[in-house]
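Have the viewer open as you read.

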Amino acid sequence: MLSFSEIIELKNILKQKFGADLHFHDVCPKPYFTPDKSAKEIQEAIGAFLSARHMCAAYSSDGLHFTIERDN
């Protein structure tokens, strides 16, 4: 999972590059994220950010939210 400082960093990147807000939902059994905009470029930016930390985004079937998983 990302630290709070990494979550803030990712939120700032998405806001600056795409004008998108990323919402963090700290719930059981697994925290998840919802961006307020859906675009391939935003998903790619999230993927690149997580990949650098050996993680990946697991998107819901509708693409509206994602959880974070460790890369295998």
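## Fold and overall shape

The chain has 2 helices and 4 strands, and from the N terminus on its elements run α-β-β-α-β-β. Helices (H or I, at least four residues) and strands (E, at least two) are DSSP runs, numbered from the N terminus. This is a predicted model, in which local features need pLDDT of at least 70 and side-chain atom pairs count only at pLDDT 80 or more, while totals for chains, interfaces and linings use all residues. Residues are numbered from 1 along each chain as its sequence is written, and side-chain values use heavy atoms, with hydrogens and water left out.

The C-alpha atoms fill a box of roughly 30 × 25 × 20 Å, taken along the principal axes. With 72 residues, a compact globule would have a radius of gyration near 11 Å, and the chain agrees, with 11 Å; the radius is taken over C-alpha atoms, and the globule rule is 2.2 Å times the number of residues to the power 0.38. Buried residues make up 29% of the 72 residues, where buried means under 20% relative accessible area, exposed over 50% and partly exposed in between (1.4 Å probe, protein chains only). Of the contacts with a separation of 6 or more, 40% come from residues 24 or more positions apart; contact means heavy atoms within 4.5 Å.

## Aromatic rings

How many aromatic pairs does a search of the whole structure find? There are 4, with rings of Phe, Tyr and Trp (its six-membered ring) pairing if their centres lie within 6.5 Å; planes under 30 degrees apart count as stacked, over 60 as edge-to-face and the rest as tilted. The rings of F24 and F33 have centres 5.0 Å apart and planes at 40°, so this pair is tilted. F24 counts as partly exposed because its relative accessibility is 25%, whereas F33, at 1%, counts as buried.

F33 also forms a stacked pair with F66, at 5.2 Å centre to centre and 15° between the planes. That pair links distant parts of the chain, with F33 in strand β2 (residues 32–35) and F66 in strand β4 (residues 66–70), 33 residues apart. F66 is buried too, at 1% relative accessibility. Ring pairs link F4, F24, F33, Y59 and F66 into a cluster.

Strand β3 (residues 55–59) and β4 pair in the antiparallel sense over 5 bridges; two strands pair if DSSP finds at least two bridges between them. A58 stands opposite T67 in β4. The two strands form a hairpin with 6 residues between them, and G63 in the turn has a positive phi of about 75°.

## Around D21

D21 is found in the loop between α1 (4–18) and β1 (22–25), and counts as partly exposed at 30% relative accessibility. Leaving aside neighbours within four places in sequence, D21 is in contact with K15, T34, P35 and D36. The C-alpha atoms of D21 and K37, 16 residues apart along the chain, are separated by 7.5 Å.
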